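Please have the sequence and the coordinates open while reading.

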Amino acid sequence: MALPLPPGLTHAEVAFLAEMEMVTIVPRQRLESMDLLSGQTPPLRPPHRAQLPLWLALLLKKQRRANIVPPPWLHPASLSEIIHRETKENPQTFSPPPPPPAHANPHDPGHARRLADADTILSPPFQPSCTASAPAGYLPYHWLEVAEALLAHAGDDMAAPAGEVRSLLRDLVEVRAAKMRSSTSVLGGAENGLMELTGVGAIELAESRAFVLGVVDGVRKIGAGAEAARREDEEQGGGIHDDDGSDDDMGI
Amino acid sequence: MDIDDILREVDPTFHAIPQEKRDLQDLTRAWVAERCAPELLQWPANDLFERVNENIKRQIEKVEEMTGDMDPKTNFVLIVLQTELERFKYLVRSYLRARIAKIDCHTLHYLSTDDLRSRLSEMELAYATRHQALLHNHYLSSFLSSFPPALQNLNDTAGNVTMIDAPDLDSAVFVRLLRDTAVEARDVDVDSSTGGQENAIYILRWSDAKPLVDAGSAELV
Amino acid sequence: MSYYDIDAILTDAEKIPCTFQLDVPDLGYLDNTPTQTLKTGSRIALPLWLAEMLAIASSSGDLDEQGKSFVTFDLPPALGNDVVQALKADPRAVPLRDQSAHFYGLATHMMDLSEEQELATVLRKTYVTRATEIALHARKVGGVGHHGKSTADEGSNLGVGGAGEEFLRGLDEWERKLFRKAHDGAKAGKEWMENVKKH
Amino acid sequence: MPMYGDLGNKLVQHAKRAQNLAQLPAYQTELVRAVTREVRDLDRDVASMLEPFQGSFDPAAEQATACTLLVNHLSMRRNKRCLLAYHRTRADKLEELVWGGSDVVDLAGQQQAGAAANGVPAAANDGQSSSLSPQEEDYVRQYGDLLAAYKGQWTDIDLTGSLDPPRDLFIDVRVLKDAGEIQTEYGAINLTKNSQFYVRQGDVERLIAQGYLQKLG
């Protein structure tokens with residue numbers, strides 16, 4: 001076996017991805033622009049803020065060459081708001097991911113998203129959802145990895161005591177883990193259909209992926225005969241099943 | 001209409017996202033997809049890996065040139081360059097090995113039709129062909145050569161189990177929509193059609209997800 | 001169904017009750033009487049790999065032509081009515097492994113051969129209900145104090161006392177795989193957390 | 001009463017066990033030979049059963065014979081599947097070890113050492129000195145060559161390198177004992193007691209293990 005790993009990303013791989021998230025730093029020393037494989041870095045001029053990938057920001061932080069500005073969603077008020085939403089407003093689902101960034105901003109080149117088919121559509125970790133200008137009140141896809149990395153290496157840059165942030169994160173992890181656990185129990189009955197987990201985080205997926213998909217695959221195999229019979233019936237019934245009645249709101 | 005749209009109209013080769021960033025997004029997405037999909041995916045057609053590999057080579061040369069310079073300032077740059085290099089090397093390595101693992105698992109399947117063969121890079125095709133030959137030879141010398149001739153095949157598809165193992169294309173995967181799009185999902189009791197919103201995450205059978213992924217409307221996560 | 005898959009091959013060795021529909025002089029050995037003719041109506045438990053094709057192949061010799069089968073088959077005791085009733089009552093109370101180590105593999109195979117709607121419904125509910133229970137135990141085992149302990153194959157090595165141990169001992173192969181997945185996920189999560197703080 | 005296919009099943013059970021072991025257990029030479037022989041015997045039976053018909057066998061007219069032929073045929077197929085799966089499982093394992101950097105000398109040697117440590121005399125392995133069959137040793141050599149060729153086309157990536165994502169490529173270290181001068185990728189460093197350096201972890205792992213350096217933070 002050339003790759004002795006199960007399908008899906010491991011925790012370490014997810015954390016590696018999260019280190020590509022852009023964060024905002026305040027440089028403490030000048031540093032000229034560097035030619036990296038991922039593009040040129042901005043020249044660093046204290047006290048002007050700059051955006052860099054997390055892995056580089058952490059390197060600078062460890063060398064005391066910069067401070068990291070925590071993203072707004074990591075502030076205690078924002079975390080409390082999300083916990084409220086996850087427990088009181090939507091106790092069944094994950095709170096929604098940050099809204100897609102608006103169209104290109106001429107003052108912020110490189111953050112333009114979908115413009116034409118020729119362009120790559122950016123998605124996490126390449127959306128600016130962990131910078132100082134990211135919206136509060138939304139957890140980005142790599143929320144837990146970024147939060148843990150910042151707490152571990154830039155605890156003194158937090159807007160609040162690290163202990164307070166940490167305890168809110170624990171609560172959030174607990175609330176959401178319970179939702180993940182209940183996601184498979186609906187599969188036992190009839191009439192389930194599409195399973196949606198919008199808002200779930202990358203680490204949360206890494207932890208539960210194999211088990212959840214294992215349950216879904218098992219249910220499919222046990223129901224394979226029934227499913228084939230149903231399809232055959234529908235075929236003979238003359239395509240009653242043409243459109244399930246749901247609106248195809250394409251919104252394009 | 002914003003500035004990028006205007007620029008695009010006057011210059012169709014204009015990209016709002018710089019090439020390096022697009023390549024890293026594509027490389028990362030290809031890696032995640034290959035680690036998550038139950039079957040081997042298409043080798044990227046746009047020379048992505050050839051280009052990335054070339055860039056890595058050039059960066060290694062640059063690091064070598066800078067090496068030996070003990071000026072603490074350039075020293076830090078060197079640390080940054082090397083750290084990033086290791087990250088890129090890792091991505092490409094893990095991607096290539098994920099592919100080789102899938103090819104090894106279902107070699108005959110991927111060699112069985114032109115369509116499937118075209119998913120492999122030239123090097124992978126050479127590797128797969130040779131690997132299959134080595135295995136066949138190993139079976140022959142271990143026991144198969146003393147079998148009756150009619151039973152010596154490795155690609156017999158008669159009987160209730162075909163000898164050409166194939167990946168289970170109905171295996172479930174997680175996908176994220178990259179734009180608003182209609183999602184068709186088959187399930188045991190009921191098939192459904194939903195207007196999915198950008199950023200939504202679903203569990204789909206790979207066979208239902210593949211058209212969305214191929215069209216660039218969704219990505220594996 | 002995968003040709004080289006070890007578990008698929010072992011599942012194919014599971015036996016199901018068959019009844020011969022003709023006299024076969026040379027097959028007496030299947031019924032422990034090698035010197036005698038195997039009589040029409042003899043009931044013998046045959047492995048799936050043999051039973052399935054003997055049931056499908058018709059004695060006309062042409063696989064496509066309708067004719068009398070060499071054998072007919074019944075559901076194995078593992079999928080019998082008493083087991084199904086017990087599962088309906090409480091899916092968690094039945095040690096599936098005692099019925100068959102490849103319980104679900106055997107069941108899906110049988111449902112392929114003939115439509116068993118009630119069985120499918122009961123098994124699906126069983127599978128999902130037990131999966132939730134499996135996840136619960138996997139988290140417990142993945143919890144504090146079990147570092148470095150590899151996912152044990154035997155229920156008795158799992159380090160969960162009492163009823164949990166009994167339940168885990170009764171898992172079939174599909175369920176053991178589920179347990180391992182849930183356990184490995186929980187364990188990897190814990191290890192990752194500890195690692196972030198160290199570096 | 002033993003049935004056709006029983007021996008093949010044993011082989012597959014060996015394969016199942018091998019999947020969960022770190023080391024490859026001994027190759028089942030005798031069992032492989034016996035299952036192969038069973039296939040040849042069955043084939044001979046089929047030939048002799050068909051012989052009287054001189055190529056004009058009508059299954060509809062000779063149902064009992066047709067049934068026996070089918071049983072024999074399925075038994076051969078079953079044995080073939082068991083043999084292939086057994087060899088394939090072991091080959092997968094061997095390939096994994098080759099990817100991990102082992103060559104045939106390591107594998108044969110290590111297996112031998114393992115057997116000796118368990119107090120299993122070499123004779124218990126059918127007199128083999130290695131857990132690998134001679135054919136498997138050949139296979140390891142050939143696969144090693146194939147991998148080297150593929151790897152050689154991606155020299156800058158180091159295809160057999162670590163599959164753990166890189167982290168902490170550089171670390172802070174404090175010198176606990178004078179260790180003289182070491183060569184690193186970017187020049188020589190003089191390790192004098194109590195000095196502190198930011199160095200490539202790979203360059204100093206040995207010195208840390210030997211107690212000359214201490215990793216910080």
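Why is helix α5 (residues 103-113) of chain C largely enclosed by the rest of the structure? Of its 11 residues, 9 are buried, so the helix is largely enclosed; buried means that 20 or more other C-beta atoms, placed from the backbone, lie within 10 Å of a residue's own. The model is predicted: local features need pLDDT of at least 70, side-chain atom pairs count only at pLDDT 80 or more, and totals for chains, interfaces and linings use all residues. Residues are numbered from 1 along each chain as its sequence is written, while chains are lettered from A and ligands numbered from 1 in the order in which they are written.

**Helix α5(C)**
- The buried residues of α5(C) include Phe103(C), Tyr104(C), Leu106(C), His109(C) and Met111(C).
- Helices are DSSP runs of H or I with at least four residues, strands are runs of E with at least two, and both are numbered from the N terminus.

**Sheet in chain C**
- An open, antiparallel sheet of 3 strands has the order β2-β1-β3, where pairing requires at least two DSSP bridges between two strands.
- β2 (43-47) and β3 (71-73) of chain C are the edge strands, each pairing on one side only.
- Strand β1 (residues 15-20) of chain C is joined to β2(C) by 5 bridges, and Ile16(C) has Leu46(C) as its bridge partner there.

**Nonpolar cores**
- The largest nonpolar core has 185 residues, of which Ala57(A), Val173(B) and Val175(B) touch the most other members; such a core is a set of buried Ala, Val, Leu, Ile, Met, Phe, Trp, Tyr and Cys residues joined through C-beta atoms within 7 Å.
- Helix α4 (residues 72-105) of chain B gives this core its largest share, 14 residues.

Note on methods. A residue is buried if 20 or more other C-beta atoms lie within 10 Å of its own, exposed if 12 or fewer, and partly exposed in between; C-beta atoms are placed from the backbone.
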